[in-house]
Amino acid sequence: MSRHAVTGALGFSGRHIAARLLERGDEVRNLTNHPDRPDPFAGRVSPSPLAFDDPAALTDSLRGIDTLFNTYWVRFAQRGVSHADAVRNSRILFEAARDAGVRRVVHVSIANPDPGSPLSYYRGKAQVEAILGTSGQSHAVLRPTVLFGDEPILANSIAWLLRRFPVFAIPGGGRYAIQPIHARDLASLALEVADREDNLVWDAAGPEVFSFTELVAIIREAVGSHALLIHLPPRLALLAARGLGLVVRDTLLTAEELEGLIAGLLVSRELPRGSIRFTDWLAGVGTWLGRDYLPEIARHFRATTP
């Protein structure tokens with residue numbers, strides 16, 4: 001039996017990784033600052049603080065760990081935690097893993113990171129990959145596009161809007177591509193690369209590619225919406241999203257996320273490694289998708305993410 005650590009093991013991608021590890025009989029430690037999240041594992045995952053402010057304690061929590069599965073990041077700057085802070089915290093985490101003798105780090109990044117990007121999300125993701133790449137540790141990097149599954153933030157937000165409003169605003173022409181991957185596929189890839197010894201970087205994308213307009217249209221059909229799809233200049237669409245964010249007290253879409261979407265950064269340039277089709281998944285979730293809003297700030301920024 002091996003012992004592993006997952007940052008955010010009760011979060012979306014981390015929960016799927018932890019579930020796969022438990023299924024094969026391994027032990028899992030949850031590195032988190034949100035120990036009060038609902039626990040689907042009935043206490044089988046032991047919590048430890050994700051103590052970026054106490055590297056010695058963080059190192060101690062990683063002693064005896066075979067593989068660190070790292071899903072830590074922040075979606076957007078909020079409550080004093082920026083992308084630059086997330087880069088610094090990631091360095092602390094990787095140094096703690098090295099000092100604790102962790103055999104391997106599996107890091108969940110993002111598709112198309114770029115150290116020269118004007119977008120701090122993608123630039124920061126590239127910086128974290130570079131830190132890991134020069135750490136001297138055995139490592140694997142997975143670069144997912146956009147996730148779907150039992151907690152599909154993007155698909156659920158689209159469905160929520162389609163259910164409640166007579167029109168849905170598509171930024172710009174809507175022809176930019178998106179290639180979603182199921183969280184279970186990402187978890188399978190994480191376990192696969194964890195058992196290897198070579199350093200590698202893999203894209204993690206599903207088998208289907210849609211234009212954004214196509215994606216919204218098939219979600220509309222799945223949830224039985226009759227909302228009219230209209231095209232707005234990106235700036236107006238972003239203003240509308242910000243207005244709705246004030247209503248739900250959350251952030252539906254950031255300017256950086258919109259720029260990345262329109263730039264085609266949510267699609268892989270490699271052959272797909274995921275096998276679960278978004279359309280197959282969508283056919284079975286139309287009854288619940290978008291009925292409730294999935295908040296980001298309330299869940300992820302009560303303290304340090306995750």
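Modeller: In this predicted model, the side chains of glutamate 129 and arginine 143 meet in a salt bridge, with 2.6 Å from N to O; the term stands for a side-chain nitrogen of Lys or Arg within 4 Å of a carboxyl oxygen of Asp or Glu. This pair links distant parts of the chain, since glutamate 129 belongs to helix H4 (residues 120–133) and arginine 143 to strand S6 (residues 138–144), 14 residues apart. Helices (H or I, at least four residues) and strands (E, at least two) are DSSP runs, numbered from the N terminus. Glutamate 129 is buried, its relative accessible area being 11%, where buried means under 20%, exposed over 50% and partly exposed in between, with a 1.4 Å probe and protein chains only.

Residues are numbered from 1 along each chain as its sequence is written, and side-chain values use heavy atoms, with hydrogens and water left out. Because this is a predicted model, local features need pLDDT of at least 70 and side-chain atom pairs count only at pLDDT 80 or more, while totals for chains, interfaces and linings use all residues.

Strand S6, which holds arginine 143, runs parallel to S5, and 5 bridges join the two; strands count as paired if DSSP finds at least two bridges between them. Valine 108 has leucine 142 in S6 as its bridge partner. Both strands belong to an open sheet of 7 strands with parallel pairing, in the order S3-S2-S1-S4-S5-S6-S11. At its edges lie strand S3 (45–49) and S11, each of which pairs on one side only.

A second salt bridge joins the side chains of glutamate 197 and arginine 103 at 3.3 Å, N to O. Here glutamate 197 sits in the loop between helix H6 (183–194) and strand S11 (200–204), and arginine 103 in the loop between H3 and strand S5 (104–108), 94 residues apart. Glutamate 197 is exposed at 56% relative accessibility, whereas arginine 103 is partly exposed at 28%.

Arginine 75 lies in the loop between strand S4 (67–70) and helix H3 (83–100) and glutamate 257 in helix H9 (residues 255–262), so the pair ties together parts that are 182 residues apart in sequence. Arginine 75 is buried at 18%, and glutamate 257 is partly exposed at 23%.

Finally, Arg15, Asp150 and Glu151 are linked in a network of salt bridges, and the count by this rule comes to 17 salt bridges.
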